[in-house]
Amino acid sequence: MTTVPVEDLGRLALFADVPADEIEAIARSCDSESFGEGEWIIRAGDDGSALYMIVDGEATIVIDGEDRRVLSKGSFFGEISALLDEPASASVVVRSPLSCLTVPSDEVEDFLLAHPLVMFRMLRAEARRLQTASAWRT
């Protein structure tokens with residue numbers, strides 16, 4: 001487990017304009033994890049996911065053996081599995097050393113309700129993902 005400096009969190013789009021005391025509360029309430037290049041964080045079908053928020057580094061979303069999207073600093077993943085309490089629908093592998101804040105799946109709802117601005121930013125990002133996915137299909 002590593003510790004993420006609070007000032008680093010304030011620089012991420014997910015936490016922009018969040019008051020400093022709330023960012024400190026977020027840092028205290030989340031776990032910090034680091035992963036090495038090539039490490040699989042989630043494999044499709046895994047149970048017990050978490051919400052991962054990338055503080056530094058890059059990861060790739062892999063679906064059916066195909067790289068679908070690169071996630072970088074400020075991105076998040078694992079939220080769908082955690083919110084729906086379902087197995088992961090995609091795999092995630094580390095592209096470059098990764099530092100994340102994590103929220104266990106059974107704490108995600110409380111985390112989001114406690115931080116509505118973060119929840120809104122995640123909802124907006126989900127809407128963009130859906131819009132992009134819909135555009136690919138047309």
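Tutor: What follows covers the pocket and then the ring contacts.

The model is predicted, so local features need pLDDT of at least 70 and side-chain atom pairs pLDDT 80 or more, while totals for chains, interfaces and linings use all residues. Residues are numbered from 1 along each chain as its sequence is written, and side-chain values use heavy atoms, without hydrogens and water.

The second largest pocket has a volume of about 260 Å³. A pocket here is an open set of points on a 1 Å grid over the protein atoms alone, where a 1.4 Å probe fits, with protein on both sides within 12 Å along at least five of seven lines; lining residues have an atom within 4 Å of a point. The volume is the space filled by probe spheres set on the points, which are joined across faces, edges and corners. Among the lining residues are R69, L71, F76, R128 and R129. Helix α5 (116-137) gives the largest share, four residues. Helices are DSSP runs (H or I, at least four residues), as are strands (E, at least two).

R129 lies over the face of F76, 4.5 Å from the ring centre; the criterion is CZ of Arg or NZ of Lys within 6 Å of the centre and within 35 degrees of the ring normal.

Ring pairs link F35, Y52 and F77 into a cluster. Rings of Phe, Tyr and Trp (its six-membered ring) pair with centres within 6.5 Å, and planes under 30 degrees apart count as stacked, over 60 as edge-to-face, the rest as tilted. Two aromatic pairs are counted. Y52 and F77 are stacked, at 4.8 Å centre to centre and 5° between the planes. Y52 is in strand β3 and F77 in strand β5 (residues 76-77), so this pair ties together parts 25 residues apart in sequence.
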